[in-house]
Amino acid sequence: MNKITVVGSINLDTTIRTEQFPKPGETIHSKEVFTNGGGKGANQAIAAARTGAEVNFIGAVGNDDGGKALVDLLEQDKINTSGIDRLESARTGSAYVTVDDNGENSIVIYGGANQNITNEHVLANRELISTSDYVIAQLETNISSIEKSFEVARDSSVFTILNPAPAPEYLPEKIIQNTDILIPNEIELETICGKKVTTKEDLVNTASEIHDLGVKVLIVTLGSKGAFYSISEGKHGFVSAFKVKAVDTTAAGDTFIGALASKLSRDLSNIEKAIKYGSKAASLTVQRYGAQPSIPYQNEFSM
């Protein structure tokens with residue numbers, strides 16, 4: 001069983017279902033509105049826990065009803081929430097998700113407490129990181145908390161996984177130098193690299209550039225086309241996706257990452273199998289509405 005610590009975001013999601021996205025200045029009717037747990041960090045933690053990992057969480061919520069409810073949801077999946085700070089000075093993070101009839105989504109995020117994770121708080125939870133197999137972070141929290149978490153992980157020989165989302169045009173050097181496994185989607189990869197990546201040759205060349213920065217493994221999620229991976233020792237390949245009808249792509253990437261991390265061996269010997277497992281988990285997620293309610297449990301899998 002892999003032991004994983006997630007340093008990341010916790011959001012209260014409000015999902016709005018519509019036939020199509022509204023145009024600028026247009027008012028349209030929604031089909032349904034509902035709230036549920038979200039945040040890339042919390043989604044990834046729940047995906048890892050539901051697929052068999054032992055999971056710790058380091059993050060922050062406001063001292064409000066939403067924050068209490070979201071922490072309760074994590075605990076329902078047996079996630080250790082001792083590393084979550086309850087802040088009086090900030091509201092719990094939130095996200096507003098619009099989903100159209102094609103299953104595509106558009107998301108607006110309010111960071112709230114997620115942007116107030118201090119380095120002191122990370123260091124107070126050093127043991128959670130140092131005793132893990134993997135530390136996972138995204139970019140929905142303040143950058144300094146990620147830098148500090150990855151520094152602690154590297155000092156303890158713990159593998160780090162970075163999901164660079166939302167994608168910045170520049171990733172701080174400190175984070176890149178301490179990232180072992182980078183998992184962007186196509187758009188995030190292009191944003192980080194500042195160029196189009198459309199062919200296999202583009203992927204291979206871009207992977208080589210990323211390895212030169214010190215990243216050991218690059219995994220690029222390609223939606224319905226599957227995933228590309230590259231290891232710095234020279235091995236690379238594609239893993240095909242599972243063909244399903246998507247109704248809501250929210251949390252698909254998060255599910256992929258959490259499920260993959262729950263199965264990936266530290267020596268990377270099963271990387272293709274772990275990617276396939278993550279893809280299967282994501283294929284189940286996109287067939288359901290919402291973020292955390294859509295994330296599957298291990299007993300739902302038939303590979």
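In which strand does Ser94 lie?

Modeller: Happy to! A word on the ground rules: this is a predicted model, where local features need pLDDT of at least 70 and side-chain atom pairs count only at pLDDT 80 or more, while totals for chains, interfaces and linings use all residues. Residues are numbered from 1 along each chain as its sequence is written, and side-chain values use heavy atoms, with hydrogens and water left out.

Ser94 lies in strand S6, residues 93–99. Strands are DSSP runs of E with at least two residues, helices are runs of H or I with at least four, and both are numbered from the N terminus. Ser94 counts as buried because its relative accessibility is 8%; buried means under 20% relative accessible area, exposed over 50%, and partly exposed in between, using a 1.4 Å probe and protein chains only. Leaving aside residues up to four places away in sequence, Ser94 touches Asn11, Leu12, Val108, Ile109 and Tyr110, where contact means heavy atoms within 4.5 Å.

Tyr96 also lies in S6. With a relative accessible area of 41%, Tyr96 is partly exposed. Again not counting residues up to four places away, Tyr96 touches Thr14, Ser106, Ile107 and Val108. Tyr96 and Thr15 are 81 residues apart in sequence, but their C-alpha atoms are 6.0 Å apart in space.

Now let us move to strand S4, residues 54–62, where 8 of the 9 residues are buried. Strand S1 (residues 3–7) runs parallel to S4, and 5 bridges join them; strands pair if DSSP finds at least two bridges between them. In that pairing, Ile4 stands opposite Val55. S4 is also joined to strand S5 (residues 80–87) by 6 bridges, again in parallel, with Asn56 opposite Asn80. From S4 the chain passes through helix H2 (residues 65–76) to S5, a right-handed β-α-β crossover. Right-handed here means that, with the strands pointing away from the viewer, the path from the first strand over the helix to the second runs clockwise.

Next, the nonpolar cores. A nonpolar core is a set of buried Ala, Val, Leu, Ile, Met, Phe, Trp, Tyr and Cys residues joined through side-chain atoms within 4.5 Å. The largest has 43 residues, and Phe57, Ile181, Ile219, Phe256 and Ile275 touch the most other members. Helix H1 (residues 40–50) supplies the largest share of this core, 6 residues. Ile219 has contacts beyond four places in sequence that include Ile181, Phe228, Phe256 and Ile275. Another core, of 33 residues, lies apart from it, with Ala60, Ala113, Ala153 and Ile175 among them.

Finally, the rings. Rings of Phe, Tyr and Trp (its six-membered ring) pair if their centres lie within 6.5 Å; planes under 30 degrees apart are stacked, over 60 edge-to-face, and the rest tilted. The count comes to 3 aromatic pairs. One of them, Tyr134 with Phe159, is edge-to-face, at 6.0 Å centre to centre and 80° between the planes. Tyr134 sits in strand S8 (residues 134–137) and Phe159 in strand S9 (residues 159–162), 25 residues apart, and both are buried. Tyr277 and Phe301 have ring centres 4.6 Å apart and planes at 10°, so they are stacked. Both Tyr277 and Phe301 are buried too.
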